[in-house]
Amino acid sequence: MHNFDFEKPSTVADAVAALASEDAQALAGGQTLIPTLKQRLAAPSKLVSLTGIADLQGISHSDGVLTIGAATTHVEVAAGGYGSLSVLAGNIGDPAVRNRGTIGGSLANNDPSADYPAAVLATGATINTNARSIKADDFFDGIFTTALEEGEIITSVAFPIPEASCYEKFEQPASRFALVGVCVAKMAGGVRVAVTGASEEGVHRWREAETALNANFSADAIADLSVSADGLISDLHGTPKYRANLVKVLTARAVANC
Amino acid sequence: MSSISMTVNGKTVSGEVEGRTLLSQFLREDLLLTGTHIGCDTSQCGACSVHVDGKLVKGCTMLAVEADGAAVTTIEGMANEDGSLSIIQAAFQEHHGLQCGFCTPGMVMATDSLLKSNSDPSEAEIRKHLSGNICRCTGYHNIIKSIQAAASQLG
């Protein structure tokens, strides 16, 4: 790992100022960033820890919206009793990873096989930053890429609470990332289906399934749909065709378990 | 270089570290607490598991500067005060929960964190909690037995 300076500001404003220097990088729980630094895939001049900022902590609930501070760890969300979101958080990585990893870090990283992006996209959540609010549909911009500008910090994520929701994950047992994961959410404005782990473009909605489920919210409703293997991830864990099949199977399971 | 201080196994310690110094490296190389093992150094194996402010973390995936001001517990802090094995450690010995022993410090730290939050875990809960701790000798069977025995003794 190349060396770097380290700062741990206590306010968002100080963190934004610290990130203004060249090649500075935000550090949340570090469960992806630290392994990345070890492999010398990134060489920031400075790491700015976001874990000392009180404003990024905590979970609140009002008017049908659950707002989670960006530096909230997976274990805190898992323990909160927030339905399928807590189940999702409780199955990220392993216990030690859940004690450090944060929701903001996961979203800013936008790993194509991460769990949280599926829940954020399926519920149409809003990602709040130091500068603005970004709708989930506008946030994810291809793998490891988001709408965040250089130095922009996620402060919280606001989830509209679904009428029903379920996240089904087919786990890659070595990494415990999703080989494929599907989140189905029944929202006031209709059903939304978000798929992670499958596409080379990262998390995305399966709109055909949404249309079918809006007409008939049952696993049978998607029985006649097919998922194209074009553009799906191919690696030693699964072929595109295998992942395409998993998308459909997991969607049906998620609907059945909603 | 940053000056850091923390308590490790109840004792206040301090040191000068680079930004990139890992907690596992600080414990082993600066404090000479070599019970915290570095197996994979890629966050997979859990041999480096320690507790930071009571929470299980991988010492190789946390910077030493991030533990500034924290209370850290390592395997060296797990035995009873008279130096005898703790209930968990003795259960691993009694039930052959180790063969080569390399993963054992992490296994003991993970077990301690499990039993503090769940005094009577099922086999499935034990296996899930150990998902970040890899053992290449035992096939886990006797580790599970050791943890079940420790749980019933700690009751």
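**Domains, a helix pair and a sheet**

In this predicted model, the C-alpha centres of domain 1 of chain A and domain 2 of chain A lie 34 Å apart. The domain assignment places domain 1 at residues 1-49 and domain 2 at residues 164-256 of chain A.

Me: Why are α2(B) and α5(B) called oblique to each other?

Reply: Helix α2 (residues 87-94) and helix α5 (residues 141-154) of chain B pack at an angle of about 140 degrees, with their axes 8 Å apart. Angles over 145 degrees count as roughly antiparallel and those from 65 to 115 as roughly perpendicular, while the rest, once those under 35 are set aside as roughly parallel, are oblique; the two helices are therefore oblique to each other. Their crossing is right-handed.

Me: Which residues make the contact of α2(B) with α5(B), and how do they divide into nonpolar, polar and charged?

Reply: From α2(B) come B:Ile87, B:Ile88, B:Ala91 and B:Phe92, and they meet residues of α5(B) including B:Ile143, B:Ser146, B:Gln153 and B:Leu154. The residues of this contact divide into nine nonpolar, two polar and no charged.

Me: What makes β1 and β2 of chain A edge strands?

Reply: Three strands of chain A form an open sheet with parallel pairing, in the order β1-β3-β2, and β1 (5-7) and β2 (24-27) are its edge strands, since each pairs on one side only. From one strand to the next, the twist averages 25 degrees.

Me: How do you know that β1(A) and β3(A) pair?

Reply: Two strands pair if there are at least two bridges between them, and three bridges join β1(A) to β3 (residues 46-49) of chain A, so the two strands, which run parallel, meet that requirement. The bridge partner of A:Asp5 in β3(A) is A:Lys46.

Definitions and conventions:
Residues are numbered from 1 along each chain as its sequence is written. Chains are lettered from A and ligands numbered from 1 in the order in which they are written. This is a predicted model: local features need pLDDT of at least 70, side-chain atom pairs count only at pLDDT 80 or more; totals for chains, interfaces and linings use all residues. Side-chain values use heavy atoms; hydrogens and water are left out. Domain bounds come from an automatic or database domain assignment. Axes are lines fitted to C-alpha atoms, for helices over the stretch in contact, and angles run from 0 to 180 degrees between N-to-C directions. Helices (H or I, at least four residues) and strands (E, at least two) are DSSP runs, numbered from the N terminus. A crossing is left-handed if the near helix is turned anticlockwise from the far one by less than a right angle, and right-handed if clockwise. Contact means heavy atoms within 4.5 Å. Ala, Val, Leu, Ile, Met, Phe, Trp, Tyr, Cys and Pro count as nonpolar, Asp, Glu, Lys and Arg as charged, and the others, Gly among them, as polar.
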